Amino acid sequence: MLREFSVHGKFDIELSAKSLDNDMHHLIEDAAIVMGQAFREAFGDKRGINRYADIFIPMDDALCQCVIDISGRAYCICKFDLKDERTSDFETVLLVHFYNTFAQNAGVTLHIRQIEGFDTHHIIEASFKAFARAMKTACALNLENPDKLPSTKGIL
């Protein structure tokens with residue numbers, strides 16, 4: 001799914017990780033921490049970025065929405081109805097944990113929800129594609145205001 005994020009968000013990500021305790025929970029959590037911290041650092045003072053983005057992504061039976069605010073305030077709400085406890089080697093309970101950990105470490109407000117779908121793999125993949133596309137738009141430079149903070153308060 002991180003490859004989906006990289007490809008659909010146009011993010012050049014190289015991530016190598018190895019579990020020392022064979023616990024996928026820790027491996028996924030650590031990947032989300034590192035990615036979130038890297039994005040937070042890349043945001044800088046957030047001057048000139050779009051800040052907000054929302055997108056809907058379909059994948060066969062699945063439809064997911066992702067809405068992002070690169071606000072500096074970490075908050076995450078995920079709403080999924082996943083019927084399976086696993087898909088391939090992925091424990092589905094870790095999906096929400098990944099997104100929450102990323103949001104906490106990136107300092108973003110992140111809302112992701114499943115609107116339709118019954119195939120667990122399709123739902124997860126659609127959520128990652130939506131996450132990627134929304135991040136791409138929110139991080140992109142606002143060409144109309146390349147030197148301005150996207151805030152009425154003057155701070156983010």
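Reply: A salt bridge is a side-chain nitrogen of Lys or Arg within 4 Å of a carboxyl oxygen of Asp or Glu. This is a predicted model, and it holds six salt bridges.

Me: What makes the contact of aspartate 81 and lysine 83 a salt bridge?

Reply: The side chains of aspartate 81 and lysine 83 meet at 2.7 Å, N to O. The limit is 4 Å, and the pair therefore counts as a salt bridge. Salt bridges that share partners also join Glu4, Glu125 and Lys129 into one network.

Me: Why is lysine 83 called exposed, and what is aspartate 81 called?

Reply: Exposed means over 50% relative accessible area; lysine 83 has 58% and therefore counts as exposed. Aspartate 81 has 43%, so it is partly exposed.

Me: Which residues does aspartate 69 meet in salt bridges?

Reply: Arginine 51 and aspartate 69 meet through their side chains at 2.5 Å, N to O. This pair links distant parts of the chain, for arginine 51 lies in the loop between α2 and β1 and aspartate 69 in strand β2, 18 residues apart. Aspartate 69 also forms a salt bridge with arginine 73, where the closest N and O atoms are 3.9 Å apart; this value is within 4 Å.

Me: How do you know whether aspartate 69 is buried or exposed?

Reply: Buried means under 20% relative accessible area. Aspartate 69 has 10%, so it counts as buried. Arginine 51 is buried as well, whereas arginine 73, at 47%, is partly exposed.

Me: Why is strand β2 described as largely enclosed?

Reply: Strand β2 covers residues 62-69, and six of its eight residues are buried, so the rest of the structure largely encloses this strand.

Me: How do you know that β2 pairs with other strands?

Reply: Two strands pair if at least two bridges are found between them. Eight bridges join β2 to β1 (residues 52-59), and seven join β2 to β6 (residues 109-116). Both pairings are antiparallel. Glutamine 65 in β2 illustrates them: phenylalanine 56 stands opposite this glutamine, and arginine 113 in β6 is its bridge partner. The hairpin of β1 and β2 has two residues between the strands, and aspartate 60 there takes a positive phi near 50°.

Me: What makes the pairing of the sheet mixed, and which strands are the edges?

Reply: The open sheet of four strands has the order β1-β2-β6-β3. β1 and β2 run antiparallel, as do β2 and β6, while β3 and β6 pair in the parallel sense over five bridges. β1 and β3 are the edge strands, since each pairs on one side only. The twist averages 10° from one strand to the next.

Me: What makes up the largest nonpolar core?

Reply: This core has 41 residues, of which Tyr99, Leu110, Phe131 and Met135 touch the most other members. The elements giving two or more residues to this core are α2 (24-43), β1, β2, β3, α3 (93-106), β6 and α4 (120-139). The most come from α4, with eleven residues. Methionine 135 touches several residues, including Phe5, Phe39 and Ile68. α4 itself lies across β1, β2 and β6, running at about 150° to β1.

Terms used: Residues numbered from 1 in each chain as written. Predicted model: local features only at pLDDT ≥ 70, side-chain atom pairs only at ≥ 80, totals over all residues. Heavy atoms only, no water. Buried < 20%, exposed > 50% of the residue type's maximum accessible area, 1.4 Å probe, protein only. Core = buried A, V, L, I, M, F, W, Y, C linked by side-chain atoms within 4.5 Å. Contact = heavy atoms within 4.5 Å. Axes fitted to C-alpha atoms, helices over the stretch in contact; angles between N-to-C directions. Lists of a residue's contacts leave out its neighbours within four places in sequence.
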